Amino acid sequence: MAPNFPENQQTGAVTEDEVSLLFMKWGWTVGRDRLDTGYDLCVEPETSHYGGARFLVQVKGTTQKRKSASLVAPVGRARLRQYVRNPHPVFLVRATPDGHLYWIHVQQWAKTNSHRLSGEGVAHVRMSSDYTLADRDQFEVYLQQVLSPPSSRPGALGTLAEERANYLNALDPRLRVRVNVRDGAEEHRLFANSENVEAHFSFQPRALPENLSRLDEALNFGLPRSIQVDNFQMSGSPMYTALGVDRPHTGTLTIEAEPRPAWVRIYPGREYSITAQELALPADFYLGRTGIAVSNEARNNVFRIDVRLEALNGGLAGGSTLFICEKRLTAAPIQQFKELGDASEWADQAYQQKMMFFELAVDGKRSRLWPQEVSNEMLGWLHHIKLLARIHAIARFLNLDYSLPFGYQISQEEANEIEFAYELLRGHRVSGGSVSILIEDAASLAPSKTPQGLVATTNIVMTLSGQDFGILPVEIDMPGYVIERIPDTNNFRVHHPEAADAWVIYKPDAPMDGLIRRKPA
């Protein structure tokens with residue numbers, strides 16, 4: 001006799017009843033939708049334990065009689081995307097001819113198989129024989145994880161962000177979104193998965209001078225900028241609707257494009273010379289609507305460079321900005337900034353020639369820009385670079401863990417002290433001027449008005465911006481100096497009868513006892 005309905009429908013209905021009966025034997029409530037919406041069962045486990053939380057079940061039977069029937073559940077891709085978007089946990093239950101019921105959590109499976117959700121047709125969801133409803137304890141341990149309130153789960157924010165991303169990524173295969181949570185608010189970064197993705201957006205920038213300037217830099221020069229906007233809206237994808245950006249919003253719009261690596265080389269003089277010392281700075285090349293920009297603002301360099309050029313009357317017009325990033329300079333010990341040492345000779349040559357020109361290198365192509373005269377303000381800046389280079393060199397030589405404070409100021413006296421120490425460390429014998437030393441005990445040095453050679457050892461304590469910078473052990477050579485008793489006192493004075501100079505040398509191995517000695521004959 002012929003059955004009233006095909007064998008696969010019979011198997012499906014029987015298996016569905018088997019699963020329903022099993023859950024009811026556990027004391028759980030089982031319901032069914034009156035219309036087929038892709039779910040066979042709605043299950044509510046013990047209310048006293050799970051607080052009324054529910055999960056959905058889609059049952060897959062089999063008509064295969066082989067014992068080796070594969071644990072694979074065929075599911076339409078559109079149906080899988082529907083399951084992933086559902087706020088309730090969705091389980092597939094697969095029945096085998098030998099009576100076993102295997103399960104898999106669809107949303108969890110989708111986290112590692114998101115690439116199988118896009119498109120049309122059928123996806124085959126492979127299941128593990130380790131997860132069977134015959135093991136109720138195992139199933140309930142898993143249910144406890146997925147049905148407990150999100151706030152009670154360890155790592156809940158990360159999990160929710162991942163689930164949110166999975167939900168959004170199932171909406172439009174042309175797009176991919178990355179979800180973060182910051183200060184209690186969602187942040188989204190959108191990426192194109194295909195070339196035919198579209199985004200139609202409109203906004204109104206807030207009419208503040210700095211804000212409009214940032215918008216100009218983003219649009220006309222391609223620089224990455226954040227702009228305060230009102231009435232921001234996007235359309236063209238269901239993902240935009242899910243993100244809520246199809247409705248007017250007020251907030252911050254960040255515009256950025258992928259830059260191309262570049263170099264900016266700055267040469268002293270009017271034209272290239274084989275002896276010219278360059279200042280070479282790695283940077284990024286940006287292309288905008290009306291011009292180009294070469295900038296290293298996104299790089300971690302002490303020197304900041306910004307070159308902007310626009311087409312004008314068949315040529316290029318623009319300008320450049322070069323400065324020291326004080327925030328970066330003061331963020332670490334100054335001996336770490338090798339670029340300061342490299343800039344010393346360049347700054348000296350540019351200071352002497354009072355001219356410089358730029359060269360831009362992008363994609364292996366080099367272009368030289370017009371030379372420009374060094375202004376008086378720039379001359380002062382170059383002198384400051386030379387001073388910073390000397391501070392860097394001294395700190396490296398003496399291995400000083402010194403960082404300039406933010407807002408630092410170097411006095412003229414401190415600058416002179418740095419120049420003095422720099423010459424000493426280069427091995428030079430430096431004039432210390434005519435010195436006069438008051439001593440209270442000269443037992444080892446008999447008073448004598450006859451000029452003779454005397455030496456003293458001491459430490460020079462260097463300061464920068466009012467803070468101790470380092471200690472320099474030195475020897476003071478005093479040729480032709482005399483020792484005289486100061487009348488009516490027990491003190492003595494060391495000086496030169498004709499106020500001649502004493503000479504200072506760096507002496508790291510000299511005894512630091514502060515005594516004055518006669519020089520060996």
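A: In this predicted model, five elements each supply at least two residues of the lining of the largest pocket, namely strand E9 (185-192), strand E10 (200-205), strand E11 (225-235), helix H8 (238-243) and strand E12 (249-255). The largest share of that lining comes from E12, which gives seven residues. The lining is made up of 32 residues, and those that lie nearest the centre of the pocket are His188, Arg189, Leu190, Leu253 and Thr254. By class, the residues of the lining divide into 22 nonpolar, six polar and four charged, and the pocket that they surround has a volume of about 1400 Å³.

As for the helices, two pairs can be described, and H11 takes part in both. Helix H10 (residues 338-353) packs with H11 at an angle of about 140°, the axes being 8 Å apart; the two helices are therefore oblique to each other, and their crossing is left-handed. On the side of H10, the contact is made by Lys338, Leu340, Gly341, Ala343, Ser344, Trp346, Ala347, Asp348, Ala350 and Tyr351, while H11 contributes Leu379, Trp381, Leu382, His383, Ile385, Lys386, Leu388, Ala389, Arg390 and His392. Sorted by class, the residues in this contact are twelve nonpolar, four polar and four charged.

Helix H11 (residues 376-398) also packs with helix H12 (residues 412-425), here at an angle of about 50° and with the axes 10 Å apart. H11 and H12 are therefore oblique to each other, and the crossing of this pair is left-handed. From H11, the residues Leu387, Arg390, Ile391, Ala393, Ile394, Phe397 and Leu398 meet Ala415, Ile418, Glu419, Ala421, Tyr422 and Leu425 of H12. This contact has eleven nonpolar and two charged residues, with no polar residue. Arg390 of H11 is listed in the contact with H10 and again in the contact with H12.

Note on methods. Residues are numbered from 1 along each chain as its sequence is written. This is a predicted model: local features need pLDDT of at least 70, side-chain atom pairs count only at pLDDT 80 or more; totals for chains, interfaces and linings use all residues. Side-chain values use heavy atoms; hydrogens and water are left out. On a 1 Å grid over the protein atoms alone, a cavity is a set of points where a 1.4 Å probe fits but cannot get out, and a pocket is an open set with protein on both sides within 12 Å along at least five of seven lines; lining residues have an atom within 4 Å of a point. Grid points are joined across faces, edges and corners, and a volume is the space filled by probe spheres set on the points. Helices (H or I, at least four residues) and strands (E, at least two) are DSSP runs, numbered from the N terminus. Ala, Val, Leu, Ile, Met, Phe, Trp, Tyr, Cys and Pro count as nonpolar, Asp, Glu, Lys and Arg as charged, and the others, Gly among them, as polar. Axes are lines fitted to C-alpha atoms, for helices over the stretch in contact, and angles run from 0 to 180 degrees between N-to-C directions. Angles under 35 degrees count as roughly parallel, over 145 as roughly antiparallel, 65 to 115 as roughly perpendicular and the rest as oblique. A crossing is left-handed if the near helix is turned anticlockwise from the far one by less than a right angle, and right-handed if clockwise. Contact means heavy atoms within 4.5 Å.
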